[in-house]
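Take a look at the protein below. Then use this briefing to find your way around it.

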Amino acid sequence: MVVVLFTTLIFKNIDGVISFNTQAFALANPCVWSTCEGLPAEELNYTISCCNLQVPLNYAKSNQSLIRISMVRFSPPNPNNNTLFLLNGGPGEAGLGAIGVVGQLIPAEYGITLIAPDHRGTGFSSPLGCDEHNSQIVTMDCITYLTNRWTIEGLNQFSTTSAAHDLSIQIQASQSTGRIAILALSYGTYWLNRFLDIYPNLVQAAVMDSPLNPLLHGFTMYNIRAASVALQFLSYCHYQIEMFQSAGYHYDRTVIPAVIFRLNRCNQEDVATLDFFFNAQGLSPTSSNETSPSDANGLVLDSDALFNNIAFSELWLEFNQSEVDQQTLNTWQNATIIAPDLRSDFVALRQAWPKYPLDEYRYHLANSSVLMIAGQLDGATPLDFASHLASITGKTRTLYSIPLSGHIIQSFITATGYTCPLHLILSWAFPALFPSEWNDPACIRDLPTTIDFVGATVMGQMSSMKLLNNIPSVEDPVDEAAVRALFNHLASARQAAIASANTASNLPLITVSITLEYGAQISHEESNIYGLVTLQASSAILPSNNESLALPHAPIDLVCVVDQSGSMSGEKMRLLKQTLVYIVEQLNDLDRLAIISFDTQAYDRSHGLKRMNQQNQQILTRTINYDIPAGGGTYIGCGLEMGINLFTSRRTKNPLGALLLLTDGQDNLQHDYSQLMETLPEGVLCHTFGYGPDHTASLLVQLAEKGNGGTFTYIDQVQAVGSAFAMTLGGLFSCIAQQLRVNIEFNGEYRISHVHSKHEHEPKKLPSNKITFKLNDLNADEKRNLVFQLHVPKVNNNQQVEMDNQQIISQNEQTFFDQSTIGQVIVTYVEPNSNQTITTNPVSFQLIRMDQPSADLLQVNYTLDIQRNRVETAREIKRAMDENDYQRSLAILKAQVEKIKASVSAQDPFCQLLVKDLEYRYPSERDYRSSHQNAYMQHSSERGTYAPTTNASAAQYLSYPQQQQATHFQQNQLPPMYIQQQMPPPYVQQQLPPPYAQQ
């Protein structure tokens with residue numbers, strides 16, 4: 001419950017003393033929150049509601065006319081009794097605009113309720129307009145309408161002081177409990193000062209973004225202040241020469257910064273960029289002759305009439321400033337180099353306006369504790385004005401100045417991604433909710449402090465382009481000569497490894513083997529049996545002695561698309577950044593990396609695919625550490641689309657390509673990404689990572705499945721993100737084959753009737769005696785087991801093998817194999833290091849056809865039965881995940897458990913682990929589904945990823961390079977005790993031998 005120490009107003013008029021108790025009024029008229037007309041019910045994962053209150057037009061005559069004042073509330077899914085009131089600028093801007101700025105930076109996951117009160121006369125409050133349709137074209141006719149509609153006395157009540165009384169009622173009527181803070185923007189800080197001066201004890205914290213100084217501010221001097229900031233901006237230009245060429249002409253741009261260059265060129269991109277810059281500096285041309293901005297539904301929310309009423313009455317002149325005529329204003333305007341447009345009738349309009357008299361609060365400063373944040377390039381509320389405020393209120397106010405920021409620090413944060421000012425604001429407002437280090441202003445030192453327009457330094461150039469909201473995406477070209485030299489080096493290294501192992505020089509990269517369910521079938525009967533083709537990749541070439549783990553590998557184009565929404569804040573973001581820096585360090589000069597972060601927008605943090613030379617590694621490491629904030633909602637599609645576009649627009653390509661997508665949340669709205677995924681180039685894998693329990697696992701699985709054989713990883717522990725990425729990186733580094741085609745052909749009437757593996761194949765329509773499986777790639781030590789069903793036809797007598805089977809094997813083995821060959825398999829693939837296409841020798845399928853096969857020939861093949869259990873388990877997990885009813889989903893897995901227990905290979909260690917995993921009972925349905933989606937992807941693809949310990953059976957898919965990379969990450973990033981006790985490699989946790997030990 002909020003403790004109110006002073007809520008009674010005392011007014012004096014000709015009738016004597018009249019009091020008004022705002023607390024009693026608010027308690028008698030509490031908010032009834034309901035849907036907002038013209039607004040969506042939900043946005044940015046917040047639920048939107050509105051409250052309308054009827055308050056006195058004139059608090060000194062409270063028993064007379066009433067007007068409506070409104071508030072818009074953004075409620076998070078899990079509120080934590082912390083409320084932030086947002087006061088917008090202007091004067092005349094609706095509260096909804098403040099939420100539009102701040103709501104994107106404060107994600108709903110923080111649990112803070114956001115409330116934006118409308119200043120009387122704006123938004124959903126009783127409007128102050130120039131006609132019955134709320135027109136905002138302010139002319140002499142508007143003055144006539146306003147005085148007729150409200151009377152001069154009534155119009156005088158649309159003041160800052162009246163709005164301060166309104167805010168007292170709005171806060172108390174909102175029924176907010178717990179801690180209440182106010183964040184005010186621009187004119188909203190002037191409104192906040194007035195409120196704190198009258199009601200000093202109603203809220204627990206106050207923050208002023210771009211504070212307006214009540215003692216120094218006057219709109220007559222606005223252009224002079226804006227021009228001084230423009231000169232400061234131009235002073236950042238370095239005295240260097242850089243040549244630009246356009247339409248055949250050369251321009252020497254000595255000492256002329258990027259702004260002037262853009263003004264000269266002025267293409268569509270320049271217009272958008274300059275518009276951003278002028279708005280960010282508070283220099284955007286504003287004319288009162290224009291109608292007020294409207295929301296998406298056509299509602300006029302802002303009020304130019306209110307702007308004029310307050311500006312002309314109490315914000316026109318600075319303290320002790322004499323009246324200014326139109327000619328003087330024009331002279332000042334003409335003397336500036338950058339300034340907004342000026343109305344030619346400003347002075348005349350003010351003279352005719354029925355201005356209200358100043359009260360005792362006009363030049364008074366509230367004595368409350370306040371945090372002030374000001375931009376050093378703020379032309380609307382200059383930094384020196386904020387510094388003056390800080391100098392005379394040093395005991396109660398704290399000022400932080402933000403270099404290179406213009407008007408409204410929140411806009412600076414959105415444009416540049418620097419979160420330091422936001423951390424300072426949130427930790428001041430809600431110190432118990434955020435880490436203590438957020439309250440350390442030392443982070444300001446990490447912000448850029450100068451703009452290098454012509455590129456004297458790489459970091460200066462990046463800061464310049466970032467401030468101008470436009471850093472072009474530029475692809476570093478592939479060094480093709482160096483790539484060829486690397487391929488030759490890798491070929492030599494492989495031959496040396498083969499020689500040192502005394503192995504045949506023709507050691508294949510891929511070994512092909514085949515298995516049929518039975519050794520024989522009755523000749524005069526048709527049947528359907530299972531078949532299996534196994535591809536086994538060779539081992540990777542391992543480092544010798546003390547060589548770095550970052551072995552030479554086929555160069556890769558890697559794009560990391562990571563979630564930076566508000567739920568990623570804290571430890572999640574710290575560990576993600578640690579992981580991204582590790583990836584940067586593991587790539588070499590031939591690899592190219594791009595990093596994209598997203599909330600409800602996408603941000604190209606690397607500005608294209610960059611080769612990981614030392615300079616780019618340093619730049620990208622700094623970008624990761626300082627330029628990826630956590631805030632806002634979640635829209636996976638924007639980040640995914642930007643990442644795919646980097647691949648589709650490549651002018652040069654490395655042999656390998658992969659996109660790594662990580663998110664810890666769900667899209668604010670449902671989206672279908674099928675068409676987008678179809679644009680992912682062939683050969684580029686999309687690996688998805690679900691971080692924590694709140695992601696939509698089914699969506700990430702779909703993206704991975706459509707991502708050319710990518711994987712889905714469920715990261716159930718926050719601290720496991722590094723190991724998860726390291727395992728995927730280890731696989732990518734060890735790719736030995738691409739564009740695999742497994743061509744199976746059977747003789748005569750033998751037909752493949754059904755395919756149980758998830759890999760793409762042609763023809764899709766079965767049965768067929770020919771089939772080609774398409775696999776995107778194969779990494780060192782990996783296996784692929786292709787399971788299918790084969791229709792076995794009858795054979796006539798002259799096709800039968802009449803001899804006793806034992807005699808065939810012992811006496812005439814060659815005749816036996818010739819007579820029982822029913823088909824063959826040939827594999828082709830591209831070796832990425834040489835780009836050569838390699839074809840394996842044919843491997844034949846053997847099946848004896850006899851009238852009475854012996855019992856041993858009719859025994860189910862043990863190896864094939866294990867693989868059948870694997871593919872059937874993957875299929876049943878998928879079916880269970882598609883089943884929305886939780887109990888029916890559990891029943892599907894229970895039935896599969898019984899089927900495995902009844903199989904020939906039931907006692908095999910892998911099958912027993914399958915049963916154990918399927919029988920595990922999860923604490924929640926969300927954990928159940930995320931974990932099993934992970935298991936489904938690993939069992940269907942046979943590619944290892946990080947897996948929760950509840951998926952012990954999936955550990956067999958981890959290759960040795962993956963395990964080695966994960967161990968390397970742990971040893972280089974985490975304390976030894978942490979490695980030993982909490983994060984052993986998965987194959988150790990699950991007590992399952994890695995695949996290379998089984999070979």
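The points below go from the whole protein to single residues.

This is a predicted model, in which local features need pLDDT of at least 70, side-chain atom pairs count only at pLDDT 80 or more, and totals for chains, interfaces and linings use all residues. Residues are numbered from 1 along each chain as its sequence is written, and side-chain values use heavy atoms, with hydrogens and water left out.

**Overall build**
- The protein holds 32 helices and 32 strands. These are DSSP runs, numbered from the N terminus: helices are H or I with at least four residues, and strands are E with at least two.
- Of the 999 residues, 58% are buried. Buried means under 20% relative accessible area, exposed means over 50%, and partly exposed lies in between (1.4 Å probe, protein chains only).
- The protein exposes about 41300 Å², and carbon and sulfur atoms supply 50% of that area. Accessible areas come from the Shrake-Rupley method with a 1.4 Å probe; for residues, only the protein chains shown count as cover.
- Take the contacts between residues at least 6 apart in sequence: 76% of them join residues at least 24 apart. A contact means heavy atoms within 4.5 Å.

**Cavities**
- The protein has eight cavities of 30 Å³ or more. On a 1 Å grid over the protein atoms alone, a cavity is a set of points where a 1.4 Å probe fits but cannot get out. Grid points are joined across faces, edges and corners, and a volume is the space filled by probe spheres set on the points.
- The largest cavity contains about 150 Å³ of space.
- Its lining has 17 residues, and Leu105, Gln564, Asp599, Tyr603 and Pro629 lie nearest its centre. Lining residues have an atom within 4 Å of a point.
- Six lining residues of the largest cavity are nonpolar, nine are polar and two are charged. Here Ala, Val, Leu, Ile, Met, Phe, Trp, Tyr, Cys and Pro count as nonpolar, Asp, Glu, Lys and Arg as charged, and the others, Gly among them, as polar.
- Domain 1 (30–465) and domain 3 (556–715) each give at least three residues to this lining. The domain bounds come from an automatic or database domain assignment.

**A buried helix**
- Helix α14 (residues 420–429) has nine of its ten residues buried, so it is largely enclosed by the rest of the structure.
- Its buried residues include Cys420, Leu422, Ile425 and Ala429.

**His695 and its surroundings**
- His695 sits in the loop between β22 (684–691) and α21 (697–705).
- Its relative accessibility is 2%, so His695 counts as buried.
- Gly665 is 30 residues away from His695 in sequence, but their C-alpha atoms are 4.2 Å apart in space.
- Leaving out residues up to four places away in sequence, His695 touches several others, among them Thr663, Phe712, Tyr714 and Arg926.

**Backbone features**
- Glu762 and Pro763 are joined by a cis peptide bond, with omega about 0°. Pro763 is in the loop between β26 (760–762) and β27 (770–779).
- Leu766 and Pro767 are also joined by a cis peptide bond, with omega about 10°. Pro767 is in the loop between β26 and β27.
- Thr151 is not a glycine, yet its phi is positive, near 70°. Thr151 belongs to helix α3 (residues 140–155). It counts as partly exposed because its relative accessibility is 42%.
- His607, not a glycine either, has a positive phi of about 60°. His607 lies in the loop between β19 (602–604) and β20 (610–611). It counts as buried because its relative accessibility is 12%.

Key. 1 Å grid on protein atoms, 1.4 Å probe; cavity = no way out; pocket = protein on both sides within 12 Å on 5 of 7 lines; lining within 4 Å.
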